[in-house]
Amino acid sequence: MPKEFKAEQVINGSWGEAWLDGEYLAQVTALKAEVTPKKTAITMVQRLNEGQKMTGLELKGELKLHKINSFVMSKMSSYFKRGKMMTCTIMSNLNDPDALGAERVELYGCLLDKLILADWEAGKMCEETYGFTFEDWELRDIIKSDG
């Protein structure tokens, strides 16, 4: 870990990009993917406090888009009408030209939590927010610091 850094190396999310099943999402405004450990309390003799053991992982995220077309709605709708869940791959790329490198992550087995058929309000710009779970991930590119 470096002992110091330059201000311009802090990554600006405006340089983020996303793809859904290989389709570029120019309308993306935010993407978050998190892996949270599931823990089980472990009691031990001669201790009042419990220890914790990781017993699984919870993989979830959120995709936020400007509403410019019906791409996600029509893609999901065709699956739901057939009684199927839409499984997709989401790719995230964060490549700020001032940063120390690019960070690219691929999320596999993504299941969007809902199908949005209508969501608008007069005088407001429309956006879509999709929560999702995923089954696996791969770090395609990571940023290494000097130091």
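## Exercises on a predicted model

Phenylalanine 132 and phenylalanine 134 are both buried (under 20% relative accessible area with a 1.4 Å probe, protein chains only; exposed is over 50%, partly exposed in between). The model is predicted, so local features need pLDDT of at least 70 and side-chain atom pairs count only at pLDDT 80 or more, while totals for chains, interfaces and linings use all residues. Residues are numbered from 1 along each chain as its sequence is written, and side-chain values use heavy atoms, with hydrogens and water left out.

**Exercise 1.** Classify the ring pair of phenylalanine 132 and phenylalanine 134.

*Solution.* Start with the rule: rings of Phe, Tyr and Trp (its six-membered ring) pair if their centres lie within 6.5 Å; planes under 30 degrees apart are stacked, over 60 edge-to-face, and the rest tilted. A search of the whole structure gives two aromatic pairs. In the pair of phenylalanine 132 and phenylalanine 134, the centres are 6.1 Å apart and the planes stand at 50 degrees, so this pair is tilted.

**Exercise 2.** Find the strands that pair with β4.

*Solution.* Strands are DSSP runs of E with at least two residues, numbered from the N terminus, and two strands pair if DSSP finds at least two bridges between them. Step one: β3 (residues 28–42) and β4 (residues 51–66) are antiparallel, with 14 bridges. Here alanine 33 lies opposite glycine 61 of β4. Step two: β4 also pairs with β7 (residues 127–133), again antiparallel, over seven bridges. In β7, glycine 131 is the bridge partner of glutamate 62.

**Exercise 3.** Describe the setting of asparagine 93.

*Solution.* First, asparagine 93 belongs to β5 (residues 87–94). Next, its relative accessible area is 10%, which means that asparagine 93 is buried. Last, contact means heavy atoms within 4.5 Å; beyond neighbours within four places in sequence, asparagine 93 is in contact with residues including Trp15, Trp19 and Arg104.

**Exercise 4.** Which residues lie closest to the centre of the largest pocket, and which strand gives the largest share of its lining?

*Solution.* On a 1 Å grid over the protein atoms alone, a pocket is an open set of points where a 1.4 Å probe fits, with protein on both sides within 12 Å along at least five of seven lines; lining residues have an atom within 4 Å of a point. The largest pocket has a volume of about 370 Å³ (the space filled by probe spheres set on the points, which are joined across faces, edges and corners). Of its 21 lining residues, Leu31, Lys32, Ser92, Asn93 and Leu94 are the closest to the centre. β3 gives the largest share of the lining, eight residues.

Note on methods
Helix = DSSP H or I, 4+ residues; strand = E, 2+ residues; numbered from the N terminus.
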